[in-house]
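Q: I have a model open and want a quick tour. Can we start with the terms, then go site by site?

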Amino acid sequence: MTGPAVGSANTAPRAGFQPGADLGRPPAPTDLALPVVGAKLLLTADGTVGRVADLPADTPWVPLGTLDGVPAWATDLATADGIPGRARGWASLAAEVPEPLATLAGRALAVVTWRRTHRWCGACRAELTDQPGETARRCPDCGLYVPMQLSTAVLVAITRPGPAGRADELLLVRHATGPTGLWALVAGFVEAGETLESAVHREVGEEVGLSVDQLAYFGSQPWAISGPGVLLAGFTARAADPRAEPVVDGRELTRAHWFGLDALPAELPPAYSISRWLIDATVTAGRR
Ligand SMILES: [Zn+2]
């Protein structure tokens, strides 16, 4: 369960963001600092990530990993009073900063939120302690081991042939809650006992009443908006019956519609989301 140690003598620092819970040494003043206030990250006044030295010396730090070889730490602040800076939500941050920093910020929010909601032992009510070197806690009384767990969700770009001589069509949906103004992809959480693939088939059946085939894995993205520890897994698929029309359940979804790949709506998911990467890749593949 132990994450990779960083900073070993014979390994060069790795580029980008490397998650880790064992940074091999205590926080140093010039290390990256990601204080979390409520559900937001506190950045410096000029909008960059702060340093450990910016906060009081007795701040309790939680290891996150490294960004371009520099150790990064999070802390849970009850208030941002007295600390200069600007609190930012993950979505607005991820829309602006490079991907490795967005991922680091997402991990800071996920780990801090998880620790906040995993303070007491669920079996015997004792206060949990940190498991050194791991993103995990343990009960000192009954020994219960509480690793941070991920919720996995799947999303799928479903296409079908367009009318004769026209581009392929992509199924887009509107959700009843969350970002209701966007045309999105069919998505949902994976149930215990389910594979990623069977979750796609179940969600497509439940949400729009369709069957799909040619299911293919596309990629994944850690996601920090829907709650702590969400991993999105994206797929592409073809409608099993090219003439079948979607039927929305009216509960999770309010609308579902086939759009020509050359006539997609403007209200699409943001550029930093795997939903958008899937849609863009589907459009590109449709041009070939
Ligand atoms: Zn216990």
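A: First, burial. Buried means under 20% relative accessible area, exposed means over 50%, and partly exposed lies in between, with a 1.4 Å probe and protein chains only.

Q: What kind of model is this, and how are residues numbered?
A: This is a predicted model: local features need pLDDT of at least 70, side-chain atom pairs count only at pLDDT 80 or more, and totals for chains, interfaces and linings use all residues. Residues are numbered from 1 along each chain as its sequence is written, and side-chain values use heavy atoms, with hydrogens and water left out.

Q: Which residues coordinate the zinc ion?
A: Cys121, Cys124, Cys139 and Cys142 do, each through SG, at 2.3 Å. Donors here are N, O and S atoms within 2.8 Å of the metal (3.2 Å for Na, K and Ca); water is not among the atoms, so sites may look incomplete.

Q: Why is the arrangement called tetrahedral?
A: Because the four donor atoms subtend angles of 100 to 119° around the zinc ion. Four donors count as tetrahedral if all angles lie between 85 and 135 degrees.

Q: How are the donor residues spaced in sequence?
A: The spacing is C-x2-C-x14-C-x2-C. Cys121 lies in the loop between helix 2 (99–116) and strand 8 (129–130), and Cys142 in the loop between strand 9 (136–138) and strand 10 (145–147), so the pair ties together parts 21 residues apart in sequence. Helices (H or I, at least four residues) and strands (E, at least two) are DSSP runs, numbered from the N terminus.

Q: Is Cys121 buried or exposed?
A: Cys121 is buried, at 3% relative accessible area. Cys142 is partly exposed, at 42%.

Q: New topic. How many aromatic pairs does the structure hold?
A: Five. Rings of Phe, Tyr and Trp (its six-membered ring) pair if their centres lie within 6.5 Å; planes under 30 degrees apart count as stacked, over 60 as edge-to-face and the rest as tilted. One of the pairs is Tyr217 with Phe235, edge-to-face, 5.6 Å centre to centre with 70° between the planes.

Q: Where do Tyr217 and Phe235 sit?
A: Tyr217 is in strand 14 (residues 212–223) and Phe235 in strand 15 (residues 230–239), 18 residues apart. Tyr217 is exposed at 52%, whereas Phe235 is buried at 2%.

Q: And what about Trp223 and Tyr272?
A: They form a stacked pair, 6.1 Å centre to centre, with 20° between the planes. Trp223 is in strand 14, and Tyr272 is in the loop between strand 16 (253–260) and helix 4 (274–287), 49 residues apart. Trp223 is buried at 14%. Tyr272 is buried at 16%.

Q: Which residues do ring pairs link into a cluster?
A: Trp90, Trp223 and Tyr272.

Terms used. Tetrahedral: all angles 85-135°; square planar, octahedral: opposite > 155°, others 65-115°.
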